[in-house]
Amino acid sequence: MACNRPVEVNVPDSTATSLEPLRDGATTTRRKFVAGAASAGLALALPFRPPWRSERQFDTVVVGGRLIDPAQEIDAPRDIGITGRQVARVAERIAESEGRQVVRAHGMIVTPGLIDIHTHVYDGVSGVSIEPDVVGIAKGVTTVVDAGSSGATTFPGFRTYVAAPARTRVFALLNVSSPGMTISNELADLAYIDPDAIVATVEANRDVIVGLKVRMLAGIPGGDDLEVIRLTRLAAEGAGVPIMVHIGGQTSPLPRILEMLRPGDVVTHALRRNRSILDDAGNVYREVLEAVERGIHLDIGHGRGNLDFDVAERALSQGIRLAAISSDVHRGNALGPVFGLPTTLTKFLHMGMSLEEVIRCATSTPAGIFDFGEELGTLREGAVADLSVFQMVEGDYELVDSGGKRRTASRRLVPYAAMRAGRPYGAITR
C-alpha cells in the first residue's frame, strides 16, 4: 500500500553544492558560511510525523553503510535500527520496510556521532567563539565540549544561552579563571582563580560541566605557572573532575607540569610547533611517554596555532598514542585552516593514521575521558542514537597546518547527515 512506504531521508538536492570541497583560501564570508550552515542544518531538523498509524519496528533505519565503531571493534557493513533516542538493533541486514524513516548510506561511512572535546562556542560573549551548531551537528559532530570560554562568573549565561538551545549536545570545561575567556589574558591576575567558586559552580552544573580548563599563557604574574597548576589541582580534586591543560605558554619545563597531573587529565595542543611534547632534539619527552602510560590523555586541539605537520609526523613516527583529535575550532579559524573536526581528521588520515584510528580518537576515547552522563561514542544496542554519515571523497585536496605548511591529500571526509538522539539533521561542507 502506498501509504506504508518508508520515508527516505536524504540531503535535499538544493544542498548538493554545499558538499563540494571548500578550498583552503576560498573567498567567502563568515555571514555566508553561517547562513549556509544554518540552512543546511535545518534541512532535516524537524522530526517526521507520519499521518498514518504504523506497526513498523523502528522509527529510523540506516541501511547500506560501512559501520566503523571502534568501541565495538566493528568495521563492516551493518544496518542500524533506531527507536526513540536509542539504538535498538545493529545487524548485517535490516529491511527498509522495518523503518518509518530510511537513511540510505550505500557507499558511505557510518560512525557514532563525532565528539569534539576542544571547541569555543560561547558566541557573542567570548571574543573568539562561534555558534555551536555551525561547527557541531552541521559537520557530523553531535557533541562538542567548550574548552574554557566561560568561568565561574560567566558560566550561567553559557548554560542558558548556548548549551540549552543548541541542537548540538554541548558540554563545558570550566575555565579556572572566574571571567573565563572574556578578557585577553584570564590569568593576568591570580586572584581570578577561586577554587571554592570553581567547586561550587561545578557542583551546581554537573550535567553540563565535565572538567576544568587551564591555559598556560605567557604573562602569568611572575611566571608562576606552577602555582596556577597547584590551584587548578586543588579545585579539580574538590570538584572531582579532570583537568585539561593548554600547553605552549608555560615557563616551567613540560615534564614539571606533567608531574602535577593525575590519571584522567588531558594535555591539549600536544603537537604545536614550539613547547610541544618533543624535546629540543625532536624526540618525544620520556616523561610524556610515562605520563601516557599512567593515564594522562594527549589531545590535538588544532586551532589557529597548535598543529604542526612536521611535529605531528615526527611524534606519530615515534609511536605516540593520541587519546583525542579535536579541532579547537572558533571564529578565527573556522574558515581556515581548521574548518572543523572532519577536516582535522582528514589531516591525520593523510599523516598515516588509519580510518579506524581517527574515528576512535573522535568517538570512543573522548567518550571515555569525560563523564557525559550517558553512553556516547558508540552505536552499541541500547546506547544513545548519536550517529554520523560521511562520504569519503577522492581527489586532490590541499590541507594546511597552523603555520601555513601545506600537504596534498588524495581523499577527505565529507559530512552527509547526522542524528542526535535519534533525530535526523542535514549536513554541509567539510
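Helix α9 (residues 341–350) lies across β9 and β10 and runs at about 95 degrees to β9. Angles here run from 0 to 180 degrees between N-to-C directions, with axes fitted as lines to C-alpha atoms, for helices over the stretch in contact. Helices (H or I, at least four residues) and strands (E, at least two) are DSSP runs, numbered from the N terminus.

The model is a predicted one, in which local features need pLDDT of at least 70 and side-chain atom pairs count only at pLDDT 80 or more, while totals for chains, interfaces and linings use all residues. Residues are numbered from 1 along each chain as its sequence is written, and side-chain values use heavy atoms, with hydrogens and water left out.

**Overall composition**

The protein contains 11 helices and 18 strands. Of its 430 residues, 60% are buried, where buried means under 20% relative accessible area, exposed over 50%, and partly exposed in between (1.4 Å probe, protein chains only). Among contacts (heavy atoms within 4.5 Å) between residues at least 6 apart in sequence, 76% join residues at least 24 apart.

**The sheet**

Seven strands form an open sheet with parallel pairing, in the order β9-β10-β11-β12-β13-β14-β15. Its edge strands, β9 (114–119) and β15 (297–298), each pair on one side only. Two strands count as paired if DSSP finds at least two bridges between them. Strands β13 (residues 243–246) and β14 (residues 266–268) pair in the parallel sense over 3 bridges, and V245 has V267 in β14 as its bridge partner. Helix α3 (residues 155–163) packs on the sheet, touching β10 (141–147), β11 (169–175) and β12 (209–215), and its direction makes about 165 degrees with that of β11.

| Helix | Strand | Angle |
|---|---|---|
| α9 (341–350) | β9 | about 95 degrees |
| α3 (155–163) | β11 | about 165 degrees |

In helix α4 (residues 195–204), the buried residues are P195, I198, V199, T201 and V202. They lie on the same side of α4 because they cover an arc of only 165 degrees around the axis, the arc being that of the directions from the helix axis to the C-beta atoms. The exposed residues D196 and A204 are on the face turned away from that buried side. The cover over the buried residues of α4 includes α3, β11, β12 and α5 (225–239).

The axes of α4 and α5 come within 9 Å and cross at roughly 35 degrees. Their contact is made by P195, I198, V199, V202 and E203 of α4 together with L231, L234, A235, G238 and A239 of α5.
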